[in-house]
Structures are given as C-alpha cells and as structure tokens.
Amino acid sequence: MMMTKMPLNILIFIGLTAIFPLIDFLNGLFLTSGIPVPIGVGYRFVFLLFLIIAIGMEDLPKSALTYVTFLFIAGNLLIWLLQGIFLQNPLAWMMADLSVFIKYFLWVLIPYYIYQRKSILQTIRYEELFIVISFLFTAGLLIPYVLGVGYQTYDNSDTGYKGYFFANNDTSFAFIISITFTARALWLQLSGKWNMRLLLLLILYAGNIVCLLLVGTKTGILYGVIVSIFLLVHLLFGTGYRSALHRILVWMASFLAVGWVVFRGIHYAAEMVEGTYERIVYFYHLYDGNLVRLLTSSRSDFLESGMMYFLEDTNFGFSFLFGQGFEYRLENFGRFGLIEMDFFDGLFGLGVLGILLLIVMLGYFLWLAFSKSYRSIYSYMFLVIVLYSFFAGHVLFSALSSTFLGLVCGGIILSKKE
C-alpha cells in the first residue's frame, strides 16, 4: 500500500486503522497480565479525537449522510445527558457510559471521514487495508499459540484459544471479517497474475481457517466452512483464468486439498474443536435439549430477564423513550443488564428514540449498500455484520467490531461505480 503525494491526515488515518489489531493484542496482554495500562482506551480516544478534528477541518457537505450522521451523534449525546439528569446517575456512571459512546460513534465517524475524502481514497487500493488487518490478527493469534502462551477462549475450560485477545466474540468476529476479504483477494489473485502474492494469500487464508478453529466459536467455525465451500465452488466453476494451464492447476490443487481435508484435515480439525463440541454437548444436556437456549448461548434467558427489568422499571415512561443507560443497567440488574444482542442492548440502554436513530443510520447504509451502483463485497459484509450484531452482539458497542463496521461502511461509500 505504497502511496505518494497523499495528505498527511490520510496517512495518519491509514496508520491508526492498520495498527488496531496490535493495539487490541497489547491491550489484552496487559489486562491478562494485571498491568494497569489502558492502552486500548487511550488508542480509541486518540482515534476518535483525530476523526473529530479531521472532519471539522473539512467542509461539511449538505447531504443526506451529513444530516443523518450528525443527527445520530447529537441525538445520542442528548439521550446521555437526559439520562444523567433524570435518573440522577453518578458522574462515574456517566463517564462509563461515555466510554461506550466513544466506541459506538466510531462506526459512524469513520465512514464520514472517508466520505469527505472519497476522491482521494478511491485512488488507493482500500481493500488492501483489510488484508493488512487480517495478517496482523492472524499473526497475533498464531505466534503466541506456537510459543505455548496465551489464554483459552472460555474461562475455566480447555475450550478454544484466543491468545492475548481479550474478548471472545470480538476475536471470532475479527476472523470472520478477515477470512472474507482474504478469500476475495485470493480468488482475484488466482484469476489474475500468479506471483509471490498468491502464495502469501494462500498462507494467510490457511492461517485464517486455523485461527477460526482455534478460537472455537460455533458461528466462527460455521462461517469459515461456508466461505471455504463457496470459494472452492467459485474457483472450480465460476472463475475465468488467464490460461488453460492455470485452470488445470487450480482443479488439481482443489481436488488434492479436498482429499487432504477428507482423509487428514478433518481429523486435525476435530482435535482442535473437540473442546467446543464437548461444551456444546454439555450445555445441550444442561438446557434439557432446548435448542433456542443452546444456539443463543443463553442470550434468550438474558433477554427475557432484561426485558422484565426494563418493563418493570419505576421510571418506565422515561426509560421507554430515552433508555436506562448502560452502566445503570449493569449496576442495578447485574448480569441481566447486558443481553449481548446489540438491538436489545440498544433498546434498553438508549430507549425507542435511540433505536430509531440507529435504524435511520443503519438504514441509510443498507440502502446505499444495495443500490445498483454501490453493490460490492462491502454490501455483503455489511449484511453479515448487521445479522451478527443482532444475534451475537458485541459489534456496535465494541471498539474492535465497531471499527470494522466503520471501515466496511467506508468501503460502501468508496465502491460507487461511475
């Protein structure tokens, strides 16, 4: 991604974006080691401050995106202030909620920054940014694994491996995004010129697969299998190659790969996900065969209890419109204050008005993503992210996942076909 005559602020943006896997790795390393260095918080604050300053230095076009973006931010900040006043939240609770909003605003400010500079950013290979991020996440998980250090995905069990990345769902989500863009880059390279980059992408794709198996979440493993099958079918039947020799080599390599997976790979994969399988079986029996509870990892229970606390709140009239706030729910309702399904966490935390602001913002990008001139890999990824956010959570209110969503929304803006 070498660039010349690129404005300094764009170079800083690319640098801040590309290094965020390293920041999350170091953040997890410090947290698990008991070292009180808030590197993740500091990084997000610097990134947010940079975005605000950079956006403010450019003209603000009178466009639909400008209006919905600033309505979203101003509306949510107003909700935050009203919650603090009406619910008489302590300053510590308000600051805790503000840290959530810093993460929440990232996915909106990133694409707006890109929107202001789309004429410049359309001249670079923006998609390569995802390949760099994919490499850093893969290296950040595999290197500690090879060295025999790091932590399991689930506490008090041998199930999964997350290295020094701190949050389970975030780590799985990162590799879901990574393998998608790696698969696309690999497909494009196979249908184009074969060189060293092709070998590196093959290695990276294999690394993505191994990482998804290591992390060991149900969604991550299933997604990796689906992407791999789709890529295989596309390579065999839906890709044009530069020569007949390339097509023959791809077919031979594909059959060899499938053969290896059938006779050896499945065995290795089974060993890697054995803990995940045993965990699923354990919870299946614990839940008396209740598939809803199993597939949602008890989120259905959290939702039921969280809804009860929301509806029975003594301040329901206010909470219905403006929510209860995030820290308020955690302090008063304990574990049931966090559902881990973003739509419901948003509803309970920000109220109906907060959800309407979210729907308008997401609706704008959904409309843009599937407009004829904008359809691209980013349209598909946006849909995957929204579905993941609804069912698995940890996207809109997570710094790592919110950054990914912002970059994907930025990609939608840049993908317009003339």
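1. C409 is buried, as its relative accessible area is 0%. Here buried means under 20% relative accessible area and exposed means over 50%, with partly exposed in between, using a 1.4 Å probe and protein chains only. C211 also counts as buried, because its relative accessibility is 0%. As for disulfides, the count is 0, where a disulfide is a pair of cysteine sulfur atoms within 2.5 Å.

2. Before you go further, a word on the basis: this is a predicted model in which local features need pLDDT of at least 70 and side-chain atom pairs count only at pLDDT 80 or more, while totals for chains, interfaces and linings use all residues. Residues are numbered from 1 along each chain as its sequence is written, and side-chain values use heavy atoms, with hydrogens and water left out.

3. Now the overall picture. The chain comes to 19 helices and 0 strands; helices (H or I, at least four residues) and strands (E, at least two) are DSSP runs, numbered from the N terminus. The radius of gyration is 22 Å, close to the 22 Å that the globule rule gives for 418 residues, so the chain is as compact as a globular protein of that length. That radius is taken over C-alpha atoms, and the globule rule is 2.2 Å times the number of residues to the power 0.38. Along the principal axes, the C-alpha atoms fill a box of roughly 70 × 60 × 40 Å.

4. Of the 418 residues in the chain, 50% are buried. Contact means heavy atoms within 4.5 Å. Taking contacts between residues at least 6 apart in sequence, 75% join residues at least 24 apart.

5. Which helix spans only 21 Å between its end C-alpha atoms? It is α17 (residues 342-369), whereas a straight helix of 28 residues would span 40 Å at 1.5 Å a residue. The expected span is 1.5 Å times one less than the number of residues. Helix α17 has a kink of about 125°, centred on L350; the bend at a residue is the angle between axes fitted to the seven residues ending there and the seven starting there.

6. S254 lies in helix α11 (residues 244-272) and is buried, with a relative accessible area of 9%. Not counting residues up to four places away in sequence, S254 touches L232 and L236.

7. On to the aromatic rings, where the structure holds 49 pairs. Rings of Phe, Tyr and Trp (its six-membered ring) pair if their centres lie within 6.5 Å; planes under 30 degrees apart count as stacked, over 60 as edge-to-face and the rest as tilted. Y43 and F47 form a tilted pair, because their ring centres are 5.9 Å apart and their planes stand at 35°. These two residues are 4 apart in helix α3 (residues 39-57), so about one helical turn separates Y43 from F47. An α-helix has 3.6 residues a turn, so residues three or four places apart point the same way. Both Y43 and F47 are buried.

8. F390 and F391 give another kind of pair: with centres 5.0 Å apart and planes at 75°, they are edge-to-face. F390 is partly exposed at 30% relative accessibility, whereas F391 is exposed at 52%. Ring pairs also link F20, F25, F137, Y151, Y164, F165, F173, F175, Y388 and F404 into a cluster.

9. Finally, some loop residues to check. Q88 is not a glycine, yet has a positive phi of about 55°; Q88 sits in the loop between α4 and α5 and is exposed, with a relative accessible area of 68%. N89 lies in the loop between α4 (64-86) and α5 (91-116), but N89 is buried at 10%. Leaving aside residues up to four places away in sequence, N89 touches Q83, G84, M94 and Y328.

10. Is E340, with phi near 70°, buried or exposed? E340 is buried, with a relative accessible area of 17%. The positive phi occurs in a residue other than glycine, and E340 is placed in the loop between α16 (326-333) and α17.
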